[in-house]
Amino acid sequence: MSLLTHLLSCLFGLGSWVSINGLWVELPLIVPQIPEGWFLPSYLSVLIQMANVGPLFITLMHRFKPGVLNEAAVVYVIIALGTLASFLLGFFWKETLVVAGAPRSVALLVLTFFLATVDCTSSVTFLPFMMRLQPQYLTSYFIGEGVSGLLPAMVALIQGVGVVRCVNATQSTNRTSNATAELQAQYQPARFSAEEFFFFLSAMMLVCLAAFILLNYHPSVDRENPNSRYTNGVKQKAQRGRKWAEQKPMMEPYGQKKPRSSFGSGSYSWLQVSYIFVVLGWANALTNVVLPSVQSYSCLPYGNNAYHLSASLAAVANPLACFIAMFFPIRSLVVMGVLTVCGSAVGAFIMGMAALSPCPLLVHDSAGAVIIVLSWVLFVLSLSYVKVMIGLILRDEGHGALVCCGAVVQLGSLLGAATMFPLVSVFGFFSSGDPCNTRCP
């Protein structure tokens, strides 16, 4: 295996979600300077789900017009679009227009929709492209996908976004009364601006574009894949032997005699196929939307340090799980089920602590902070490994299986958002804790 190909696969995966992940971690710096305020996260959730029109179109094209879509050309277009949108955000994110008598961040919302379309569509284009490489490189791609969340978080941490310092604020009713000391949250100024952060995101998309070009044309990559040559994005005759991977429908009409099913190579029965996709949708719903939407509620009552530590270590846990899968590429459905149950159980504990906010269990004990941080790490580690397992399984089943893999990833995220948005933003089911003052009986 070529170290260069591993590196290029990782950098290619880096561009999958780096833009939207970067926008989310920059929110504490953006929100105070725009008219939408803290309603912006709700708007972003809606825009991201609307952007699923991209993967829906790609999936339908693969299903009903197999072989027609120029996959490489689509990847070039969406990476270029993501690069341009990130670059323009650096200039226009604060610009407003008057809409319905009120100022609105039209440029920010429109460019965010394009970024979301790029990142959502990457799920059904980047993964199928990896079919032309050896199976081992898919794990490197997943490492890059995990780093797409870790890298913006680390840069935002260096930038100082959302860093709170608890300072003493004294209150007194008159000169003779004793002053009452109270801690007050004071947000620290950022070390560099949001504009520079968006330019950084644009540079990361350029790195992804360069990696994709080299994966297509670099001689050392090409030597390892003599049957997967591309010239100007068009498959050569040498790939005709694998043409079935693109043209073979994922689910053929029932009744056709196959070893176990008409799915992929027929290695799995229909029940197992359904089980794999249900687990995939469930794992992505939990890790992409459901638990991240309540992370602040579950951690802030234990203190600002616990919140930032859980966010940072959870971001590290994702690529770590992919790195482990590189050396232990397990495909057992039983192990997948056990890890899913364990990860879901830890996720249920985290959700319970979020529901009890601002007074979760052990809120006044340092052990509570340790437990919640470890819970986040174990949750992300176990379910991220499950997602890599499923990616390896579906990679073995062919191109169409990876297309459906990306579609189910987006469907799981959509269902998770549809569930959590009303609970968090409409009904106010969760109550936030004060990072400096937690008062519980």
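## A predicted chain of helices and strands

The protein chain has 18 helices and 6 strands. Both are DSSP runs numbered from the N terminus: helices are H or I runs of at least four residues, and strands are E runs of at least two. The model is predicted, so local features need pLDDT of at least 70, side-chain atom pairs count only at pLDDT 80 or more, and totals for chains, interfaces and linings use all residues. Residues are numbered from 1 along each chain as its sequence is written, and side-chain values use heavy atoms, with hydrogens and water left out.

Of the 441 residues of the protein chain, 50% count as buried. Buried means under 20% relative accessible area, exposed means over 50%, and partly exposed lies in between (1.4 Å probe, protein chains only). A contact means heavy atoms within 4.5 Å.

Helix H1 covers residues 3-14. Its 12 residues should span 16 Å at 1.5 Å a residue, and its end C-alpha atoms are 17 Å apart, which agrees. The expected span is 1.5 Å times one less than the number of residues. At the start of H1, a side-chain oxygen of Ser-2 comes to within 3.2 Å of the backbone nitrogen of Leu-4. This is a polar contact: a pair of N or O atoms within 3.5 Å, where, within protein, one must be able to donate a hydrogen and the other to accept it, and residues adjacent in sequence count only if both atoms are side-chain atoms.

The buried residues of H1 are Thr-5, His-6, Leu-8, Ser-9, Phe-12, Gly-13 and Leu-14. Leu-8 counts as buried because its relative accessibility is 4%. Leaving aside neighbours within four places in sequence, Leu-8 is in contact with Ala-211, Leu-214, Leu-215 and Val-221. Tyr-137 is 129 residues from Leu-8 along the chain, yet their C-alpha atoms are separated by 9.3 Å.

### Two helices against H10

Two packed helices are described by the angle between their axes and the distance between the axes. Axes are lines fitted to C-alpha atoms, for helices over the stretch in contact, and angles run from 0 to 180 degrees between N-to-C directions. Helix H10 (residues 194-217) packs with helix H6 (residues 71-92). Helix H2 (residues 18-25) also has an axis that crosses that of H10.

| Pair | Angle | Axis distance |
|---|---|---|
| H6 and H10 | about 165° | 7 Å |
| H2 and H10 | roughly 165° | within 10 Å |

The angle in the H6 pair, about 165°, makes H6 roughly antiparallel to H10. For the H2 pair, the angle of roughly 165° makes H2 roughly antiparallel to H10. Angles under 35 degrees count as roughly parallel, over 145 as roughly antiparallel, 65 to 115 as roughly perpendicular, and the rest as oblique.

Handedness separates the pairs. H6 passes H10 in a left-handed crossing, whereas the crossing of H2 and H10 is right-handed. A crossing is left-handed if the near helix is turned anticlockwise from the far one by less than a right angle, and right-handed if clockwise. In the H2 pair, Val-18, Ser-19, Gly-22, Leu-23 and Val-25 of H2 meet Phe-197, Phe-198, Leu-201, Met-204 and Met-205 of H10.

### Ser-122 in H7

Ser-122 is found in helix H7 (residues 106-122). Ser-122 is buried, with a relative accessible area of 1%. A polar atom of its side chain lies 2.5 Å from the backbone oxygen of Asp-119. The backbone oxygen of Ser-16 lies 3.2 Å from a polar atom of the Ser-122 side chain. Not counting residues up to four places away in sequence, Ser-122 touches Ser-16, Trp-17, Ile-78, Leu-127 and Tyr-141.

### From the H16–H17 loop into H17

Pro-358 sits in the loop between helix H16 (333-356) and H17. The peptide bond from Ser-357 to Pro-358 is cis, with omega near 10°. Leu-362 lies in the loop between H16 and H17. Its phi is near 55°, a positive value in a residue other than glycine. Leu-362 counts as partly exposed, at 43% relative accessibility.

At the start of H17, a side-chain oxygen of Asp-365 reaches to within 3.0 Å of the backbone nitrogen of Ala-367. H17 runs over residues 366-396. Its 31 residues should span 45 Å at 1.5 Å a residue, and its end C-alpha atoms are 46 Å apart, which agrees. H17 is mostly covered, with 22 of its 31 residues buried.

Ser-375 lies in H17 and is buried, with a relative accessible area of 9%. Leaving aside neighbours within four places in sequence, Ser-375 is in contact with Val-346, Phe-349 and Ile-350. H17 is followed by Gly-398, whose phi is positive, near 115°.
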